[in-house]
Amino acid sequence: MIEGALAHFTGLGPKRLLALEQAGIRTWDDLERARARRPPEVWLPPALDAELAACRDAAARHDIGWLLRRFAPADHWRILARYFPRASFFDIETTGDIANLTTLITCYHRGGLHTFLEHENLEGFLDLLEDMDLLVSFNGASFDVPCILKTFHIPALPCPHLDLRWTLYHQGLRGGLKHIERTLGIQ
């Protein structure tokens with residue numbers, strides 16, 4: 001599934017991707033075979049070999065952060081599909097005032113639910129972050145992550161982050177989380 005991510009390769013825009021799909025080229029293996037055959041109906045960019053090697057290397061090393069930075073947002077679902085068992089899901093609540101500091105963090109991590117509360121154990125979330133392979137949120141890139149960084153005075157998360165809002169958006173599911181849940185029949 002992750003090997004079906006093609007939109008991030010240099011020189012492969014929507015028209016070329018459609019032409020590749022029509023030629024039966026849908027995966028990294030297909031690209032390599034086409035590169036070796038050099039079919040006249042399919043143009044492949046010169047940088048493709050190096051980019052394919054880099055993708056295969058990152059996937060083999062399970063470098064989720066590299067894949068998230070490199071893949072087109074429309075293909076982030078492929079990363080989540082591959083690494084779902086290693087994903088941790090979180091949401092926060094804040095003071096809601098000008099400071100907008102985090103007061104509550106709830107995180108599903110490695111089969112367990114963890115709750116971190118202001119004035120009790122909020123700092124414990126930092127330790128949990130160090131143990132995460134992939135942090136997932138809904139609208140977290142715009143809200144949750146900046147609040148976490150501000151609350152804990154840290155420059156960046158120590159683990160890769162995937163925002164489901166944009167992953168779902170690129171799959172045609174738009175709106176708030178409650179609306180999307182209803183659309184998908186999730187109660």
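Tutor: In this predicted model, a residue is called buried under 20% relative accessible area, exposed over 50%, and partly exposed in between.

Student: Why is F89 called partly exposed?

Tutor: F89 has a relative accessible area of 23%.

Student: Why does F84 count as partly exposed?

Tutor: The relative accessibility of F84 is 47%. Exposed would require over 50%, so F84 counts as partly exposed.

Student: What makes the pair of F84 and F89 tilted?

Tutor: Ring centres must lie within 6.5 Å for a pair, and those of F84 and F89 are 5.6 Å apart. Planes under 30 degrees apart count as stacked and over 60 as edge-to-face, the rest being tilted; the planes here stand at 55°, so the pair is tilted.

Student: Why is the pair of W28 and F71 called edge-to-face?

Tutor: The angle between the planes of W28 and F71 is 85°, and over 60 degrees counts as edge-to-face. Their centres are 6.4 Å apart, where the limit for a pair is 6.5 Å. W28 belongs to helix α2 and F71 to the loop between α4 and α5, 43 residues apart.

Student: Are W28 and F71 buried or exposed?

Tutor: Both W28 and F71 are buried.

Student: What makes R174 a charge over the ring of Y169?

Tutor: The charged end of R174 sits over that ring, 4.0 Å from the centre of the Y169 ring. The distance criterion is within 6 Å, and the position must also be within 35 degrees of the ring normal.

How values were computed:
Residues are numbered from 1 along each chain as its sequence is written. This is a predicted model: local features need pLDDT of at least 70, side-chain atom pairs count only at pLDDT 80 or more; totals for chains, interfaces and linings use all residues. Side-chain values use heavy atoms; hydrogens and water are left out. Rings of Phe, Tyr and Trp (its six-membered ring) pair if their centres lie within 6.5 Å; planes under 30 degrees apart count as stacked, over 60 as edge-to-face and the rest as tilted. Helices (H or I, at least four residues) and strands (E, at least two) are DSSP runs, numbered from the N terminus. Buried means under 20% relative accessible area, exposed over 50%, partly exposed in between (1.4 Å probe, protein chains only).
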